[in-house]
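User: Could you walk me through reading the side-chain contacts of a protein model? I would like the general idea and then the case at hand.

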Amino acid sequence: MVCLGNICRSPLAEGIMQHQAAANGLNWEVDSAGTGNWHVGEGPDRRSTRAARSHGIDISKQVCRQFKVSDFDHFDHIFVMDKNNLSDVLSLARNEHDTQKVKLLLGDKVVPDPYYDDNQFEPVFELIEGGCKDIIRDLVN
Ligand code: 4NP
């Protein structure tokens, strides 16, 4: 799960996907990262932590890290939140195999950056929740 800062959207996506995978009996490794490095080593934005907690998901222990090329080797799928994330991650792809792993989490829509609007965290949670549900349905069936 990849966004720009790895403090707002992708930590939610990591927590939600881990939660849904476990609920579906799937032993998936789910992680998140940012394309940028400003917040490396920090925990998630408190507004994301609060939104997740209100849905029974604890993301407070996550630690921000930057996306790295070896993530292409370690993960089967790389889901990004918006089109800037898409082009930033694709610019690091070494070959077609890497490129094919990268998709928008919502398929043809973007998860907007909630950083500058406190009221966007709950809608963003719900968007990501729906996206994760669709991904599990598509990957499992
Ligand atoms: P995120 O939101 O990409 O969903 O984690 C952002 C958080 C911080 C910044 C940008 C986006 N920032 O520029 O610091």
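Analyst: Happy to; we will take salt bridges, aromatic rings and a surface patch in turn. Please keep in mind that this is a predicted model.

User: Let us begin with charges. How many salt bridges are there?

Analyst: The general idea is to look for a side-chain nitrogen of Lys or Arg within 4 Å of a carboxyl oxygen of Asp or Glu. By this rule the structure has 11 salt bridges. One of them joins R9 and D82, whose closest N and O atoms are 3.0 Å apart.

User: Which parts of the chain does that pair link?

Analyst: Distant ones: R9 belongs to helix α1 (residues 9-23), while D82 lies in the loop between β3 (78-80) and α4 (83-90). The two are 73 residues apart.

User: And are R9 and D82 buried or exposed?

Analyst: R9 and D82 are both buried.

User: How do I judge burial when I have a percentage, for example for D45 and R47?

Analyst: Compare the relative accessible area with the cut-offs: under 20% is buried, over 50% is exposed, and values in between are partly exposed. D45 has 14%, so D45 is buried. R47, at 17%, counts as buried too. These two residues also form a salt bridge, with 2.8 Å between the closest N and O atoms.

User: What about R137 and D134: what contact do their side chains make?

Analyst: They meet in a salt bridge, 3.3 Å from N to O. Both residues are in helix α6 (residues 121-140), and because they are three residues apart there, about one helical turn separates them. R137 is partly exposed at 47% relative accessible area, and D134 is partly exposed at 36%. Elsewhere, salt bridges that share partners tie D31, R65, K68 and D71 into one network.

User: Now the rings. How many aromatic pairs does the structure hold?

Analyst: A pair of aromatic rings is described by two quantities, the distance of the centres and the angle of the planes. The structure holds two such pairs. In the pair F67 and F72, the centres lie 5.3 Å apart and the planes make an angle of 85°, so the arrangement is edge-to-face. F67 and F72 are both buried.

User: Which residues make the other pair, and how do I read its geometry?

Analyst: Y115 and Y116 form an edge-to-face pair, with 4.9 Å from centre to centre and 85° between the planes. Y115 counts as partly exposed because its relative accessibility is 32%. Y116, at 75%, counts as exposed.

User: Which charged end sits over the ring of Y115?

Analyst: That of R47, 5.6 Å from the centre of the ring.

Key: Residues are numbered from 1 along each chain as its sequence is written. This is a predicted model: local features need pLDDT of at least 70, side-chain atom pairs count only at pLDDT 80 or more; totals for chains, interfaces and linings use all residues. Side-chain values use heavy atoms; hydrogens and water are left out. Helices (H or I, at least four residues) and strands (E, at least two) are DSSP runs, numbered from the N terminus. Buried means under 20% relative accessible area, exposed over 50%, partly exposed in between (1.4 Å probe, protein chains only). Rings of Phe, Tyr and Trp (its six-membered ring) pair if their centres lie within 6.5 Å; planes under 30 degrees apart count as stacked, over 60 as edge-to-face and the rest as tilted. A charge sits over a ring if NZ of Lys or CZ of Arg is within 6 Å of the ring centre and within 35 degrees of the ring normal.
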